[in-house]
Amino acid sequence: MYHPQFQFQPFNVSREMTVIGNGEIVAQPEYVQIQLEVRTEGKDVSLAQQENAIIMNRVIDSLVALNIPREAIQTTVYTISPNYDYIEGRQELRGFEVQNAISVKITDISQAGTVIDTAIQNGANHVSAIQFKIEDSDAYYQQALNLALVNAIGKAKSMAETMHIPLRLIPIEIIEESHNVTPIFYKAVQMSNQEFITPIEQGRISINASVRIKFQF
């Protein structure tokens, strides 16, 4: 917890007070970014690549069929890794794993569960990231920053009134301390019905700002 700092000096010398102000804006997510992966394994790297490409193309086509624009689908990871077994202390090559990941931007958040289920039904075997975002976080941050300034000034006024000191309300120093957008975690529940849409809880995004302000009194 931050404790206000006072510097008491002789009355003919300017004295200073430093306070920290905090501001928070809570915003509704505007879109969701989902990372879907296809991972295939095989002893022959070319066959593993070929199988991976066939499945991923099928996944992408299925998403386009849901009216997801192709420009909203982007490859984010493509790796080929050897897999080894350890037999009697010896390392032996078992085969290769091919990992192909795409990021899908969905502006209709209610469609997120359908996108996940469709991708899985068409061969995707990992959902590695789900992030809820807003288009212009800077606009929200400016609002949070304004609240932080008001909060700091309010604290300074309150302390000055309590201690009966003549506070000068024009700050001599303002330091922007932090800019934080709190992530939203993906939540899902398993349903017993064979036909269901994976539920996605979007929650809300918290944008925080903090300032350190120095006043004279």
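Let me start with helix α3, which covers residues 137-163, a helix here being a DSSP run of H or I with at least four residues, just as a strand is a run of E with at least two, both numbered from the N terminus. Its 27 residues, at 1.5 Å a residue, should span 39 Å, and because the end C-alpha atoms are 39 Å apart, the two values agree; the expected span is 1.5 Å times one less than the number of residues.

Please keep in mind that this is a predicted model, in which local features need pLDDT of at least 70 and side-chain atom pairs count only at pLDDT 80 or more, while totals for chains, interfaces and linings use all residues. Residues are numbered from 1 along each chain as its sequence is written, and side-chain values use heavy atoms, with hydrogens and water left out.

Among the buried residues of α3 are Tyr141, Leu145 and Met159, where buried means under 20% relative accessible area, exposed over 50%, and partly exposed in between, with a 1.4 Å probe and protein chains only. After α3 comes His164, with a positive phi near 55 degrees.

Now to the sheet, which is open and has four strands in the order β4-β5-β3-β6, with antiparallel pairing; two strands pair if DSSP finds at least two bridges between them. β4 and β6 stand at the edges with a single partner strand each, so one side of each has no neighbour in the sheet. Further in, β3 (residues 31-42) and β5 (residues 90-106) pair over eleven bridges, and Gln33 has Lys105 in β5 as its bridge partner.

Lastly, Tyr84 is found in strand β4 and is partly exposed, at 35% relative accessible area.
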